[in-house]
Amino acid sequence: NRNTRALITLVSSSLMRCEHCTRSHIAKALDAGISSEEISEALLVASLITSGTQLYWMKDDFEDLLSENGQSKPWFVENAGKMGNAWRNLHDAVHEESKLDPKTKELIATAVGCLARCRHCTKTHIEGSLNEGASKGEVAETLMTAAAYAATTQLMWMYEDFQELLG
């Protein structure tokens with residue numbers, strides 16, 4: 001739906017750290033009737049998934065080096081004490097009932113996993129999106145929207161400077 005697409009473009013531009021695009025997409029989202037709470041939740045989902053990609057991109061390659069035999073918790077929870085538990089608590093809170101429905105959260109997570117180039121996260125959240133009722137078309141559109149807006153931010157993140165220097 002339009003609101004989900006608007007949130008995906010917003011988190012994509014935020015993840016790519018383009019202030020110009022992020023401001024524009026926040027304004028467009030608000031104009032479309034998306035609440036500040038929904039925008040905040042979308043950004044928090046993106047933040048969590050971005051941090052998760054730092055923990056999971058290496059899961060398949062390095063888990064044998066980071067974990068102890070027989071661990072029942074992820075390596076970072078087991079080995080990083082309070083910090084690992086705090087991250088896990090945030091993860092659990094993001095997945096609780098809130099302003100955003102589970103399908104929207106999974107689609108946002110799919111976009112972020114892809115933009116962060118985390119195979120584990122992208123695959124996990126594509127599966128999660130499908131399990132929450134997204135069609136393959138919606139998932140493909142999410143990935144293409146994230147890619148398109150990420151590419152656009154490459155020209156817009158310093159728009160004013162580019163305009164001043166090259167315009």
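Predicted model: local features only at pLDDT ≥ 70, side-chain atom pairs only at ≥ 80, totals over all residues.
1. Start with helix 9, which covers residues 136-156. Its 21 residues reach 30 Å from the first C-alpha to the last, close to the 30 Å you'd expect at 1.5 Å a residue.

2. Now see which of its residues are tucked away: Val139, Thr142, Thr145, Ala146, Ala150 and Thr153 are buried in helix 9. Look down the helix axis and these buried residues fall within an arc of 130°, so they line one face. As a reminder, an α-helix has 3.6 residues a turn, so residues three or four places apart point the same way. Turn to the face of helix 9 that points away from the buried side and you'll find the exposed residues Lys136, Met144 and Leu155.

3. What do the buried residues of helix 9 pack against? Four helices: helix 1 (2-15), helix 2 (19-31), helix 7 (102-115) and helix 8 (119-131).

4. At its start, a side-chain oxygen of Asp101 comes to within 3.1 Å of the backbone nitrogen of Lys103. After the helix comes Arg117, with a positive phi near 60°.

5. For background, most residues other than glycine have a negative phi. Arg117 sits in the loop between helix 7 and helix 8, and at 75% relative accessibility it counts as exposed.

6. Arg17 is another residue to look at here: its phi is positive, about 60°, and it is not a glycine. You'll find Arg17 in the loop between helix 1 and helix 2. Is Arg17 buried or exposed? It is exposed, with a relative accessible area of 74%.

7. Next, the inside. The largest nonpolar core has 33 residues, and Leu7, Tyr56, Phe76 and Ile108 are the ones that touch the most other members. Helix 1, helix 3, helix 5 (75-79), helix 6, helix 7 and helix 9 each supply at least two residues of this core. Which helix gives the most? That's helix 3, with eight residues. In general, nonpolar side chains tend to be buried together in soluble globular proteins.

8. Zoom in on Tyr56. Setting aside neighbours within four places in sequence, Tyr56 is in contact with Pro74, Phe76, Trp87, Arg88, Cys118, His120 and Cys121.

9. Finally, Leu55, which belongs to helix 3. Leu55 counts as buried, at 17% relative accessibility. Not counting residues up to four places away in sequence, Leu55 touches Trp75, Phe76 and Trp87. Leu55 and Cys118 are 63 residues apart in sequence, yet their C-alpha atoms are 9.6 Å apart in space.

Notes. Residues numbered from 1 in each chain as written. Heavy atoms only, no water. Expected span 1.5 Å × (residues − 1). Buried < 20%, exposed > 50% of the residue type's maximum accessible area, 1.4 Å probe, protein only. Arc of directions from axis to C-beta. Contact = heavy atoms within 4.5 Å. Polar contact = N/O pair within 3.5 Å; in protein donor to acceptor, adjacent residues only side chain to side chain. Core = buried A, V, L, I, M, F, W, Y, C linked by side-chain atoms within 4.5 Å.
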